[in-house]
Amino acid sequence: MNISVVGSGYVGTTLAACLADLGHRVTAIDIDEETVEALNRGESPLHEPGLQPLLDEYAGGGLRATTEFGVVPETDVTFLTVGTPSEADGSIDLSSITAAARSVGEALRETDAYHLVVVKSTVIPGTTEERLVATLEAASGKREGEEFGVAVNPEFQREGTAVEDFLNADKLVFGTDGDDRALARLPELYAPLIDAGVPVVETGRREAEMIKYANNVFLASKISLINELGNICKAYGVDSYEVADAIGLDDRISERFLRSGVGWGGSCFPKDTDALIAAAKRADYEPELLEAVVGVNDRQPVRMIDLLETHVDVAGERVAVLGLAFKSGTDDVRHSRAIPVIEALQERGATVAAYDPVATENMRERFPELEYANTAEAALQGAVGALVVTDWDEFAVLDTEFDAMDERVVVDGRRVIERRAGLSYEGLTW
């Protein structure tokens, strides 16, 4: 099939490359000329394991990029993967996806063939039906359901494993409100995955929109619950990881997302949890549990500093922050737990030395004044404490590098450092 993908961020770029890998001819559409030029050169605009090999194979062939929406009529399906960032009150900003829908609609004026528009961006239930369909109809002069279709097909890919998650998906969700042509085209689009046994959920568009939020908020809640339990375990001298291993054997709970620590960040969990809280309040419902989930997560970074200060006073001292990305395997620093850690250290008068193997430049935009080290050892040099915020594998093998510290105090927020003689070690929740 001929596919166009609007938006070349984490979701759009991975989607475009993976669809090319499924055998489709894909055109990525983005308003940023540098991103388009990079994709056409076969260069990934972001750090995502497995993505660059796909671009090496398909860029210039099965995958190309453009800034022009005029290619839309040449394709059978258009995906909207434009960002829906948070507003100050937690609700989502629909300006970019509305503009993208308007541009797609204007392009559809040039074709009489049925075209399927698929919303992959994360939007509150009712957004597709009430906002995007109306925008497409007004811009195209056509009627939805007759001359074009609109489906909701949320993504469930994790940064750092997005390619693997797409090609080995847990599920595919098709929200179509019973549009027979959409229901025929979507399985054709994903045929290799469906043939491999990936389950398909056919549902309405509002339900598909909600499934995405429910999925992420459930996982965020699970992490905050295990962190709350971990904090209690820490208070009683109990190893929370041994507790988690045991309860994870219960198939009603499972072992996934039971690694307690400094909390969740990234582009999805914070934004989606805040958006659902804001949506609930607009509907006159107080989401007390979800607000508690956020509250637990917000407190974890400060607990790291509190633990460090049981050993040393950080005021006027150098403290190493190891890990800036919100998780290993990505250079994304959006809502990284390192941000509140750094802010809390600065508020207490510490000098921060930061290190991350891939995310330094992205964090430099947020904190240009920090010292950014080229190695973990350089960050540790002369520090009175080290805070491990991201679970990069290279941190697990640190050993003699700790000798460079003035005070060998480590607070581990991800359980990647082993306790050892001569190291004052604190696990955040164990």
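Which residues form one aromatic cluster? Phe166, Phe174 and Tyr190 do. The model is predicted: local features need pLDDT of at least 70, side-chain atom pairs count only at pLDDT 80 or more, and totals for chains, interfaces and linings use all residues. Residues are numbered from 1 along each chain as its sequence is written, and side-chain values use heavy atoms, with hydrogens and water left out.

**View 1. Phe174 and Tyr190, a stacked pair.** Phe174 and Tyr190 form one of them: 5.8 Å centre to centre, 25 degrees between the planes. The pair links distant parts of the chain, 16 residues apart. Phe174 lies in strand β7 (residues 172-175), Tyr190 in the loop between α7 (180-189) and α8 (191-195). Helices (H or I, at least four residues) and strands (E, at least two) are DSSP runs, numbered from the N terminus. Phe174 counts as buried because its relative accessibility is 0%; Tyr190, at 1%, is buried too. Buried means under 20% relative accessible area (1.4 Å probe, protein chains only).

**View 2. Tyr355 and Phe395, an edge-to-face pair.** Ring centres lie 6.1 Å apart and the planes meet at 65 degrees, so the pair is edge-to-face. Tyr355 belongs to strand β10 (residues 351-355) and Phe395 to helix α16 (residues 393-396), 40 residues apart. Both Tyr355 and Phe395 are buried.

**View 3. Lys171 over the ring of Phe156.** The charged end of Lys171 sits 4.2 Å from the ring centre of Phe156. The rule asks for NZ of Lys or CZ of Arg within 6 Å of the centre and within 35 degrees of the ring normal.

**View 4. The largest nonpolar core.** This core has 55 residues. Such a core is a set of buried Ala, Val, Leu, Ile, Met, Phe, Trp, Tyr and Cys residues joined through side-chain atoms within 4.5 Å. Those with the most contacts inside the core are Leu322, Leu324, Leu345, Leu387, Phe395 and Ile417. Elements giving two or more residues include α12 (288-308), β9 (318-322), β10 and β12 (385-388). The largest share, 6 residues, comes from α13.

How values were computed: Rings of Phe, Tyr and Trp (its six-membered ring) pair if their centres lie within 6.5 Å; planes under 30 degrees apart count as stacked, over 60 as edge-to-face and the rest as tilted. Buried means under 20% relative accessible area, exposed over 50%, partly exposed in between (1.4 Å probe, protein chains only).
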